[in-house]
Every structure is written in C-alpha cells, then in structure tokens.
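Please look through the sequence and the model shown here with an eye to side-chain packing and pairing. The report below takes up these topics in turn.

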Amino acid sequence: MPEVRIVAKNFMDMVAALPAMKLDKLYGSTFICEAVLRSLPPLAKKYVLQMLFVDSPVTAKSMEEWLLADGYSKHKVSIDRLLQLRVFLEVNDRKKETSYKMNTKFQSNMQKYLVFGGTLPREPMPLSVTVRLPTLEDLEAYALEQWECFLLQLINSAQAERLTSFSSSLMRVFQRGLLSARENEAPKLTENGFQFLLMDTNAQLWYIIREYISSSEDRGVDPTDLICFLLELSFHTLGEAYNLNTLTDVQKHAIKDLADLGLVKLQQGRKESWFIPTKLATNLSVSLSDSSSRKEGFVVVETNFRMYAYSSSKLHCEILRLFSRLFLSFSRMFILGSQQRHQQSQRTSQIRCFFTNVSSFQVASFIVVDKHSCFPEPFM
C-alpha cells in the first residue's frame, strides 16, 4: 500500500511511549505481559525466556557471548526494544560495566503465568442464559457494516442508509485531523482524512484506537486503563458472550464506543446484558505488517479515465465520488468517470478537489491499492 503521512502505531509502540510509572502499572496485568512477549522480535523472546528465572543482572558482554558471528545487528535491535518496553532495565556497576536486569513486575507475572497458567478476569456466559448467539459469519457481517457506517459518516455521505450517532468522545477523535469544519458549515474530510481512507482496515483501526486512547485524559480516563482493557479484549474468544456486569465503569463506557466501531456486539437478554467480541477486537494484538485484512481489489480503469467498481459497497462508491462522477449504479457495479473530462462540471470538480485536498498522487495510490485482480503485476 502507498505510504501516508498518518502513522498508525500499534499497541506496543504506544506502550513503549508511556512514562515508566504507567508502564510498570500495565505490567500488573498478566495479559499485558503476554501481549508484550508475543510482540517481541524472536531473539528478544529468547533473551526473556533465558533470564526469566535469573534474579541477578547479566552483563552486556556476557550476552554478546551468546551470539553467532553475524547476529550482532539482531542483538542490538532486540536489546533496544526490550529497553524501550522496560522489560529489561539497564544497570551500571561500580566498574561502570553495563548490565541488564529484568523488570521485577514483568518477571514475577510471567513466572506465575508459565507455572500456573492464566485465566481471563471473566468467563463466557453459559448458553442457557444467552440462548442463541450470532454465528461467526453474522458477527463478521455486523463488524463490516459498523465499520463501513463509521467510514461513511466520516466522509459525510448523504447516501448512507443508516447513520450512527457516535459519542462525543468518538467525535473528538474524528476532529483530531480527519475532519474540519468552517463556520456555519458541515464538517468536511481533510487531506489527512482522505489519506486515512487509503489505509487498510487494520491500519485504520490502529489509528482510531490510538487517537481514542490519546484523548482519554481529556475525558478523565487513565490511558493505561484503556490500553489494559483493549489488549485484554484481544484475548477473549471470538463469538463468545461476556457479562457486562463484570466490567468497570470506565470499561462499560468504552465498550459502547467499541460497539459503534464494530469491535464488539452488544445484546440484551431478559435479565442480563452481554458483549460479544468480533474479529476486529480479537485482532487488536496483530501487527500492522500483517496484510491478511486487506480486501480483494475492485477497481478497473480504462484509458479514457472511465472507472468500473465491481462492488456492492456504498462506502467504495462514496470514496470514488470524492474525485469522480457517478454515471450508472447497479446492484454490484458502479460506473464512474473523471469529472475533468466534462466542461460543465470542470469548475465544480476543481473547487471540490481544492476543499477536500485530494491530490492526483492520492487518487493514483488509491487505484493501485484497490485495483482489480485482472490487472497484471507490476501495475503503474
């Protein structure tokens, strides 16, 4: 996919950027420790397991003796990452020799996890209470519908079948660079907003979650509490129901926002209420380098600048309409063309592109990312 100026960090980058006190607080959760361990480079994982039951510091020179001749670069990357995440702490002795000691809170929790195993703070609800839960296919369709509805509202589409009333906390996330509003005018997509639409779903999700956490202190919520809950959520079982009464007040507020984004589905029974994690939630600990979430391309472009979008998604159509004109619409196909080729709409097109800040490079990038499989590689 093309490079965009918005950087959608993953959770481990966010965790590493936390102050030492808050980072140590996070390591009070066994599942945070496990998530951090999973995210480490292979050599860093090896170091953690080797030193897990070693209480005294290990000198840097001693660790270098463990290396093969060509392994120093990987060793340096691993040590830097362990120090960033405060899994390792740097210690200098009287001889001013550098040594590494494992974070005692992280070490203690990982020892308990390996010896006794780990359990989630909540168990799935019995089927006798929930009766009939949605299938995995239904959950996936729900998550896609919610996410597309969110993106449609971001585009400010007038043709969305159903607009979700997002909370004030989510609206503040939208306004942090994705939307801009002039006086007495409706919010419009910014240049960064269009770049956001070029990202794959995984990267979009990370960006929204990052901004949601970054703005949490404005709402009086400790960001470490949110990070802990969201990473913990990724260890829940896809499609299982979990009682809402097991959540804290902060978590109950957050779960409603997550439901708007399609990360969980909320359901109400006769006496109990529960949430069901979707694939978006259980993939929260997946690296951004994982391209499994990318969809099959759907755009075909002719040399006369006419485009055929083989999709039934209104979202795809609305993105294309940001820089083109819709000619015909069928159940699973849209036919669009360059607005610049029509004199009567040329001025309108120029004004619209000026205010949405859609550049020709961004348009080309979008087409490359979402090109139909009929195009040969390399394309453009």
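What follows describes the nonpolar cores, the aromatic pairs, the salt bridges and one backbone feature of this predicted model.

**Nonpolar cores**

The largest nonpolar core has 97 residues, and those with the most contacts inside it are Phe11, Phe88, Phe196 and Leu197. A second, separate core of 6 residues includes Leu133, Ala241, Trp274 and Ile276. As a general background, nonpolar side chains in soluble globular proteins tend to be buried together.

Helix H11, which spans residues 191-198, is mostly covered, with 6 of its 8 residues buried.

Phe88 is buried as well, with a relative accessible area of 1%. When residues up to four places away in sequence are not counted, Phe88 touches Tyr47, Met51, Met63, Ile79, Leu82, Leu83, Tyr100, Lys101 and Met102.

**Aromatic pairs**

A search of the whole structure finds 8 aromatic pairs. The rings of Phe88 and Tyr100 have their centres 6.3 Å apart and their planes at 25°, so this pair is stacked. Because Phe88 lies in strand S2 and Tyr100 in strand S3 (residues 98-102), the pair ties together parts that are 12 residues apart in sequence. Tyr100, at 9% relative accessibility, counts as buried.

The rings of Phe196 and Tyr207 have their centres 5.5 Å apart and their planes at 55°, so that pair is tilted. Phe196 belongs to helix H11 and Tyr207 to helix H12, so the pair ties together parts that are 11 residues apart in sequence. The relative accessible area of Phe196 is 0%, and this residue is buried, while Tyr207 counts as buried at 5% relative accessibility. Both residues also belong to one aromatic cluster, which is formed by Trp147, Phe150, Phe196 and Tyr207.

Charged groups are also placed over aromatic rings. The charged end of Arg219 sits over the ring of Tyr212, 4.4 Å from its centre, and the charged end of Lys265 sits over the ring of Tyr142, 4.3 Å from its centre.

**Salt bridges**

The count of salt bridges comes to 9. In general terms, side chains of opposite charge can pair when their charged atoms come close. Among the salt bridges are those set out here, with the distance between nitrogen and oxygen.

| Salt bridge | N to O distance |
|---|---|
| Asp225 and Lys25 | 3.6 Å |
| Arg122 and Glu232 | 2.9 Å |
| Arg210 and Glu211 | 2.7 Å |

How far apart in sequence are the parts that Asp225 and Lys25 tie together? Asp225 lies in helix H13 (residues 223-233) and Lys25 in helix H2 (residues 20-26), so the pair ties together parts that are 200 residues apart in sequence. Asp225 is partly exposed, with a relative accessible area of 33%, and Lys25 is likewise partly exposed, with a relative accessible area of 43%.

Arg210 and Glu211 are both buried, and the relative accessible area of Glu211 is 8%. Glu211 has its place in helix H12 (residues 201-214), and, leaving aside its neighbours within four places in sequence, Glu211 is in contact with Val173 and Arg176. Beyond individual pairs, salt bridges that share partners join Lys25, Asp222 and Asp225 into one network.

**A backbone feature at Arg86**

Most residues other than glycine have a negative phi. Arg86, although it is not a glycine, has a positive phi of about 55°. Arg86 is found in the loop between helix H6 (72-84) and strand S2 (88-92). With a relative accessible area of 22%, Arg86 is partly exposed, since buried would require under 20%.

Conventions:
Residues numbered from 1 in each chain as written. Predicted model: local features only at pLDDT ≥ 70, side-chain atom pairs only at ≥ 80, totals over all residues. Heavy atoms only, no water. Buried < 20%, exposed > 50% of the residue type's maximum accessible area, 1.4 Å probe, protein only. Helix = DSSP H or I, 4+ residues; strand = E, 2+ residues; numbered from the N terminus. Contact = heavy atoms within 4.5 Å. Core = buried A, V, L, I, M, F, W, Y, C linked by side-chain atoms within 4.5 Å. Salt bridge = Lys/Arg side-chain N within 4 Å of Asp/Glu carboxyl O. Phe/Tyr/Trp six-rings, centres within 6.5 Å; stacked < 30°, edge-to-face > 60°. Lys NZ or Arg CZ within 6 Å of the ring centre and 35° of its normal.
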